[in-house]
Amino acid sequence: MYKATIFVTLKESVLDPQGVAVKGSLHTMGYSEVSDVRIGKRLEVSLDASSQAAAEEAVTLMCQKLFSNPVIEDFRFELEEV
Amino acid sequence: MRFAVVVFPGSNCDMDLVHAIEDVLGEEVNPVWHHESDLSSYDAILLPGGFSYGDYLRCGSLARFSPVMEAVKKEAEAGKLVVGICNGFQILTEAGLLPGALMRNDHLQFRCEIEPISVEKADSAFTMHYEQGETVQIPIAHAEGNYFCDDETLQRLEASGQILFRYAGKNPNGALANIAGITNEKGNVLGMMPHPERAIVDWMGSPDGARLFTSMLAYWKENHAS
């Protein structure tokens with residue numbers, strides 16, 4: 001059994017209005033040192049696979065086909081055997 | 001002319017569309033559950049607004065894998081008219097039937113209001129009953145209508161006349177190039193954020209959406225004249 005922890009984030013070229021709003025709140029709170037906030041998603045997926053490589057391949061495809069939208073988002077993941 | 005209105009779990013503008021087709025056109029229209037795998041008996045397929053699958057993960061991302069979407073793709077490739085409105089537009093981009101993506105509104109608010117919309121191209125299957133450059137009043141109701149695509153795609157959309165509708169007033173969501181509605185390259189698949197089915201008679205605030213449906217019927221009749 002493997003567990004993948006997947007991070008989906010907006011591409012750097014894409015404006016993140018939620019991040020901008022949160023940055024504004026941080027500035028209001030006095031954290032003037034904050035220059036940027038980006039908000040993303042974290043997914044945890046448990047799966048059966050015959051090997052680490054097979055699990056990696058499956059999770060990559062899931063990320064490409066479903067978890068992220070390649071027009072606006074990037075993804076990366078960490079994989080561990082559990 | 002036979003219309004299908006695809007119903008996903010979480011669709012909520014499906015019956016509005018059914019009524020619009022019945023009231024404006026008096027043509028046959030059937031709600032079709034998203035498990036349907038054959039849409040070949042229909043001449044046009046409408047994907048309604050709403051919150052398919054609760055908008056989980058990303059708007060439209062889960063609906064894209066509903067069994068009916070294979071059938072929608074097949075009929076789109078065959079040249080049938082396909083319209084996605086609001087959530088339907090989001091589903092069509094997720095499914096790759098239209099380029100780009102619909103992101104969170106730049107001000108993060110849900111906007112529900114009648115918008116001035118300019119008709120950028122009046123010689124299409126969906127707009128032949130509008131005047132070129134005409135400004136019409138059609139409501140929007142969304143939090144994720146901020147159209148985005150890369151520069152290359154935008155240039156292609158502009159050059160090949162795929163932008164049918166733009167916001168004519170203040171941009172209500174941050175959409176690139178004020179885009180409110182686009183077609184695919186072939187021109188038979190339309191996605192738009194404004195809701196024409198919510199503007200079919202005066203008491204709704206505007207009757208301007210009705211002509212989108214009459215255009216589709218006229219186009220279909222032209223192409224099926226015996």
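Reader: In the hairpin of β10(B) and β11(B), which residue takes a positive phi?

Author: This is a predicted model, where local features need pLDDT of at least 70, side-chain atom pairs count only at pLDDT 80 or more, and totals for chains, interfaces and linings use all residues. Residues are numbered from 1 along each chain as its sequence is written, chains are lettered from A and ligands numbered from 1 in the order in which they are written, and side-chain values use heavy atoms, with hydrogens and water left out. Helices (H or I, at least four residues) and strands (E, at least two) are DSSP runs, numbered from the N terminus. The hairpin has five residues between its strands, and the one with a positive phi, near 90°, is G187(B).

Reader: How many bridges pair β10(B) with β11(B), and in which sense?

Author: Two strands count as paired if DSSP finds at least two bridges between them. Here G181(B) stands opposite M192(B) in β11(B). The count for β10(B) and β11(B) is three bridges, and the sense is antiparallel.

Reader: And β4(B) with β11(B), parallel or antiparallel?

Author: On this side V82(B) stands opposite V189(B) in β11(B). The two strands are joined over four bridges, and the sense is parallel.

Reader: Which residues of β11(B) point the other way from V189(B) and G191(B)?

Author: In a regular strand the side chains alternate between the two faces of the sheet. All the residues named here are buried, meaning under 20% relative accessible area, with exposed over 50% and partly exposed in between (1.4 Å probe, protein chains only). Pointing the other way are L190(B) and M192(B).

Reader: Which strands are at the edges of the sheet?

Author: The sheet is open, has nine strands with mixed pairing, and runs in the order β2-β1-β3-β4-β11-β10-β9-β6-β7 of chain B. Each edge strand pairs on one side only, and these are β2 (28-33) and β7 (135-142) of chain B.

Reader: What angle does the direction of α3(B) make with that of β4(B)?

Author: Axes are lines fitted to C-alpha atoms, for helices over the stretch in contact, and angles run from 0 to 180 degrees between N-to-C directions. Contact means heavy atoms within 4.5 Å. α3(B) packs on the sheet, touching β3, β4, β10 (179-183) and β11 of chain B, and its angle with β4(B) is about 115°.

Reader: Why do the buried residues of α2(B) line one face of the helix?

Author: The buried residues of α2 (residues 68-77) of chain B are V68(B), M69(B), A71(B), V72(B), E75(B) and A76(B). The arc is taken from the directions from the helix axis to the C-beta atoms. Seen down the axis of α2(B), the buried residues line one face because they fall within an arc of 155°.

Reader: Which residues are exposed on the other side of α2(B)?

Author: The buried residues of α2(B) are covered by elements including β1 (2-7) and β11 (189-192) of chain B. On the other side, the exposed ones are E70(B), K74(B) and E77(B).

Reader: How does K73(B) count, and what does it touch?

Author: K73(B) lies in helix α2 of chain B. Its relative accessibility is 25%, so K73(B) counts as partly exposed. Not counting residues up to four places away in sequence, K73(B) touches A95(B) and L97(B).
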